[in-house]
Amino acid sequence: MNASPAFEFSRSSLQPVPAQRACRIALLGFGTVGRSVATILQGGSFPQLRLDMIYNRRVDRKRVPWVSPQVRWTDDLEEVLASDADVVLELAGGLEPAYSWVKRALLLGKSVVTANKKLIAAHGPELLDLARQQGCRLEFGAAVAGGVPVLCGVSPGLSGDRLLKLCGILNGTCNYILHAMESRGVTLDAALREAQQRGYAEADPSDDVDGLDARAKLAILVRTGFHLQADPQQIATQSIWPVQPADFRYARELGCTIRQVARAELKAGTLLAEVAPTVVSAGSPLGSARNNQNVLVTTGKYGGETVFAGAGAGGAPTAVAVVSDLLAVAESRAAANCGPALVAVPVSNDFRCRHYVRVTPAQTTDAVAALRRTLTSGGISLRGLLHHPDPHDRRPSLALVVEECSTHALEKALTQVQEAGLLAEPAVRMPMVTTS
Ligand code: HSE
């Protein structure tokens, strides 16, 4: 295994902003979160934070009358970097140009606060190292779970435990969609449009729906909780697109529902990790998450399960997390402490767990019997079978509950079933996850 650069703050290197004057902030990106941060900063509750400058591309279309006339609006990044801002607040998102901006700000000795999960998942250790060398700060508490303070909850909050598992709902858009499908019977498309209107979704919402956003957040949590460096691109993701009303019907019969779950667990030197639509108990913390909520359940060797929950997406909750980071910089407090040096770890999604599988047989009885035979010969046992097709379904489907088995063994058996022509449509497989 390769050692990576340390991912921690040296508390002695923290340079306090002089107490007698407010911390000057240059905000990059006046979108949903940027506007909400400006609203809080203009509200008068935090005189120690002063919004000085707002940068946005084609800034004239962004100007609003409620921002104080003392704030400079600009679309010239060089003006921001040349200013006397103490903190650059990066809320533009995406990898570039955000990476270059943050690096340049740190090289100039300016602290940076960001909500950019993509950036921190890809370049966090390097940028933290740079911040440390420059004697300034890089804070990113808003990058994971929006308004829920999970990063500082995990470390330093739970750093006295030895974390074994992380399991959570880390994308508010997907939670909004799946909860809307479950509770109101709306289509995935329509629910996604609602989530976009509410300001929850990424600029490219396939980052949400296909699991890439939650994957970046999971990689950051793995660093913070396990002190391991996992390449986000190695974390398997499954889209929520294949989830259909039939899945919610079958899940309900099992006392369950469906959520996009991100989970990670250490097993024999390998990090098991994935993001996937998952069948969860309806009454569990994961199954109870509504609308834009996020939930994180950590399992520690000594302390057992700890649950964090709250609003995981949207302007105001994310802005609260951002302002908390700004206060930590202004007051020179350490926010999330990412712990000892990182170690690179191989990643697999070969979890052993129960699975839910929805299949649409090509023909009825023969196909079901052949399907059973193929699964059995792959060492996979069926726990139960549900067959209550809705008359409105295009093709009748049935749901299998598969006993705990290797994910890879089940995927292989399902590929064989598909290749043997037994299915009219690809099977939809979802892990079944239980938390207390
Ligand atoms: N698109 C993200 C989500 C925003 O839905 O969770 C918060 O990171």
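Start by selecting K217 and the ligand: a polar side-chain atom of K217 sits 2.8 Å from an oxygen atom of the ligand (a polar contact is a pair of N or O atoms within 3.5 Å). Keep in mind that this is a predicted model, where local features need pLDDT of at least 70, side-chain atom pairs count only at pLDDT 80 or more, and totals for chains, interfaces and linings use all residues. Residues are numbered from 1 along each chain as its sequence is written, and side-chain values use heavy atoms, with hydrogens and water left out.

Now colour helices α6 (172–184) and α9, each of which supplies at least two residues of the shell around the ligand (helices are DSSP runs of H or I, at least four residues, numbered from the N terminus).

Leaving aside neighbours within four places in sequence, L218 is in contact with L170, I235, A262, R263, A264, A273, E274 and V275 (heavy atoms within 4.5 Å).

Finally, select L138, V144, L218, L221, V222 and L271, which touch the most other members of the 56-residue largest nonpolar core. Such a core joins buried Ala, Val, Leu, Ile, Met, Phe, Trp, Tyr and Cys residues through side-chain atoms within 4.5 Å, buried being under 20% relative accessible area (1.4 Å probe, protein chains only). Helix α9 gives this core its largest share, 8 residues.

Key. Buried < 20%, exposed > 50% of the residue type's maximum accessible area, 1.4 Å probe, protein only. Polar contact = N/O pair within 3.5 Å; in protein donor to acceptor, adjacent residues only side chain to side chain.
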